[in-house]
Amino acid sequence: MEEKLKQLNDCMTDHPDFPKPGIVFKNIMPLFSDPERMKLLGDVLEETIREKFPGCTKLVGLESRGFLMGMAVASRLGVGFVPIRKKGKLPGEVVRQEYTLEYGTDVVEIEKASLEATDKIVLIDDLIATGGTMKAAVKLIGSTEATLVGALCLIEIDFLKGKEGIDNFVSLIHI
Ligand SMILES: O=P(O)(O)OC[C@H]1O[C@H](OP(=O)(O)OP(=O)(O)O)[C@H](O)[C@@H]1O
Ligand SMILES: Nc1ncnc2[nH]cnc12
């Protein structure tokens, strides 16, 4: 596992002062431009979810890079994938959660019909920074009938302490 994570970390790129001064942006896209890297990512996510969240029935991915993570592994695990999207993108009846950004608020939504009361949900995203996005997703699943069993991010920015207060949180690469 250590060696695989090192290989994944080595192919991602860092971009200082993007998209704003002071932010070092971690670019995960090189993981998807090469089939061997994609396989390696799938291996690492599959092994982690089988070990840490064995009862998972659905992965719920956070827009938009969480979709890439979830789709890299859901079919390998034989579980479904459901997106959480920013407001106004999903049709039909939705469950909605408002959350606070640096300035102002935003809203995330999930399709009500996509989850069942028997579902055991694992949230998945590429990266946790302040944790605001993941905490909104935790609250959103909490207002459905499904059960949240944990959350997984490939990367965690340790000094921001975004995972504090999120139960059963797992991250694989620490920066
Ligand atoms: O822990 P936080 O401070 O909330 O930040 C982490 C979130 O930020 C990024 O998404 P972004 O909103 O940039 O959207 P994208 O995935 O569509 O690029 C990242 O993919 C996480 O979802
Ligand atoms: N430093 C960072 N790199 C990539 N995505 C992010 N989302 C929030 N902070 C980020």
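Which residues on the other side of α2 are exposed? They are Pro 35, Glu 36, Lys 39 and Glu 51, where exposed means that 12 or fewer other C-beta atoms, placed from the backbone, lie within 10 Å of a residue's own. Welcome to a predicted model, in which local features need pLDDT of at least 70, side-chain atom pairs count only at pLDDT 80 or more, and totals for chains, interfaces and linings use all residues. Residues are numbered from 1 along each chain as its sequence is written, while chains are lettered from A and ligands numbered from 1 in the order in which they are written.

**The whole protein**

- There are five helices and nine strands in the protein; these are DSSP runs (helices H or I, at least four residues; strands E, at least two), numbered from the N terminus.
- The radius of gyration, taken over C-alpha atoms, is 16 Å, close to the 16 Å from the globule rule (2.2 Å times the number of residues to the power 0.38) for 175 residues, so the protein is as compact as a globular protein of that length.
- Of the 175 residues, 33% are buried, meaning that 20 or more other C-beta atoms lie within 10 Å of a residue's own.
- The C-alpha trace spans about 40 × 40 × 30 Å along its principal axes.

**Helix α2**

- Leu 41, Val 44, Leu 45 and Ile 49 are the buried residues to look for in α2.
- Viewed down the axis of α2, its buried residues fall within an arc of 120 degrees, so they line one face of the helix; the arc is that of the directions from the helix axis to the C-beta atoms.
- An α-helix has 3.6 residues a turn, so residues three or four places apart point the same way.

**Around ligand 1**

- Ligand 1 is surrounded by 15 residues, with the C-beta atom of each, placed from the backbone, within 6 Å of it.
- The closest are Ser 64, Arg 65, Ala 129, Thr 130 and Thr 133.
- Strand β7 gives the most to this shell, with four residues.

**Lys 161**

- Look for Lys 161 in the loop between β8 and β9.
- Lys 161 counts as exposed because it has 12 C-beta neighbours inside 10 Å.
- Lys 161 and Thr 130 lie 31 residues apart in sequence and 6.7 Å apart in space, C-alpha to C-alpha.
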